Amino acid sequence: MKAIILKEFGSADNLQVVEVPTPEEIAENEVLIQVKAFSVNPLDAHVREIPEWWKLVSGSDVTEPYVILGWDVAGIVTKTGKNVTKFKEGDAVYGLINFLGRGNAYAEYVAAPESHLALKPENISFEAAASATMAAQTAWVSLVHYGNIKKGDKVVITGASGGVGHYAVQIAKSFGAYVVAVSSGENKDWVLSLGADEYVDYKTQHFEEIVKDADLVHDAVWRADESHLSRSLIAIKPGGTLLSLMVFPSPEFITAAKEQQNITVVRANLSDTPDKQGDIEAINALLSSGKIKSHVSGVFSMDEISKAHHQIETHSTVGKIVVTV
Ligand SMILES: NC(=O)c1ccc[n+]([C@@H]2O[C@H](COP(=O)([O-])OP(=O)(O)OC[C@H]3O[C@@H](n4cnc5c(N)ncnc54)[C@H](OP(=O)(O)O)[C@@H]3O)[C@@H](O)[C@H]2O)c1
């Protein structure tokens, strides 16, 4: 089969399309998937570049001549392990597979545990399904499990035009929240069309000067340090919560926010969900009912993988980008 391999950590140009053996053995709880599409996340570029991140995410050192990246997959089941009950050959499935761990999704075939997958709703494409995986589950885990979002909450979503953010806007609306979306002005009409009630262009306005009474801020902006988190503390009312998707806030920052303002600050981690199966089912129901939709702004071929990685490294991708196989 064709797969995209990484022999050396480093730039996007290190990714190569080559022939590798198709997985033959699958575990009793796994299915083999003929991949139709996989999506690309900022994390993919991060682990491609930094070996320590690969180790953190995959849970192991590299002992083979190469690794295969990718966790977000959609495709057709071609084989089932003997304990598989949910799926049969020919089913169209999608999911975030083996995360944390080794996903191996950048390939024509990949094996995955059935518990990581859902049946693809008929009303959406493989590209849309492959998109609604890591990014959608992150938004769900952050808002629902860490944020305890409820009807009527005022929720500020930064990075609203990105992969995670565009699902976060739609998920928050599905709970009946009042959503203030923050992105750059060129995406204004589209972000409002996702259901946001209010819009802030971060290039010309400061959201914390406009909002002072948020219950939640869901912060999905790529930043290396916590300095910008302080801005969210101005926008949140006492008793509210700051959900940090990127920055790891220090214990001092967390304690000061609690003691001085009664604001809870958390690093929302996708992998820390108490109910992965429930998350998958909830997102699947929202996709099936059309309450959330994937916005796929770029479709690449396997040969264009470097281009896809260069795009995700801009940190200003609109919605999701996918690779079709
Ligand atoms: N904690 C977790 O478990 C977890 C899981 C997945 C992802 N993440 C993190 O979540 C973040 C978002 O991921 P993603 O897939 O959504 O990335 P993405 O697709 O690259 O989207 C990032 C978005 O942020 C917007 N943006 C950039 N600077 C901004 C600012 N100052 N204010 C408001 N919006 C701004 C960009 O819009 P413009 O073009 O308009 O600037 C872009 O749409 C990343 O940092 C990622 O590493 C965390």
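Begin by selecting Asn 98, which lies in the loop between β5 and β6; helices (H or I, at least four residues) and strands (E, at least two) are DSSP runs, numbered from the N terminus. The model is a predicted one, in which local features need pLDDT of at least 70, side-chain atom pairs count only at pLDDT 80 or more, and totals for chains, interfaces and linings use all residues. Residues are numbered from 1 along each chain as its sequence is written, and side-chain values use heavy atoms, with hydrogens and water left out.

Asn 98 is not a glycine, yet its phi is positive, at about 50 degrees. Is Asn 98 buried or exposed? Its relative accessible area is 19%, so Asn 98 is buried (buried means under 20% relative accessible area, exposed over 50%, partly exposed in between, with a 1.4 Å probe and protein chains only).

Next, select Phe 99 and Leu 100: the peptide bond from Phe 99 to Leu 100 is cis, with omega near -5 degrees. Leu 100 belongs to the loop between β5 (92–96) and β6 (109–113).

Move on to His 315, in the loop between α11 (305–312) and β15 (320–324). His 315 also is not a glycine and has a positive phi, of about 55 degrees. With 37% relative accessibility, His 315 is partly exposed.

Finally, display the open sheet of 6 strands, ordered β10-β9-β8-β11-β12-β13 with parallel pairing; two strands pair if DSSP finds at least two bridges between them. Its edge strands, β10 (198–201) and β13 (264–267), each pair on one side only. Strand β9 (residues 178–183) runs parallel to β10 and is joined to β10 by 4 bridges.
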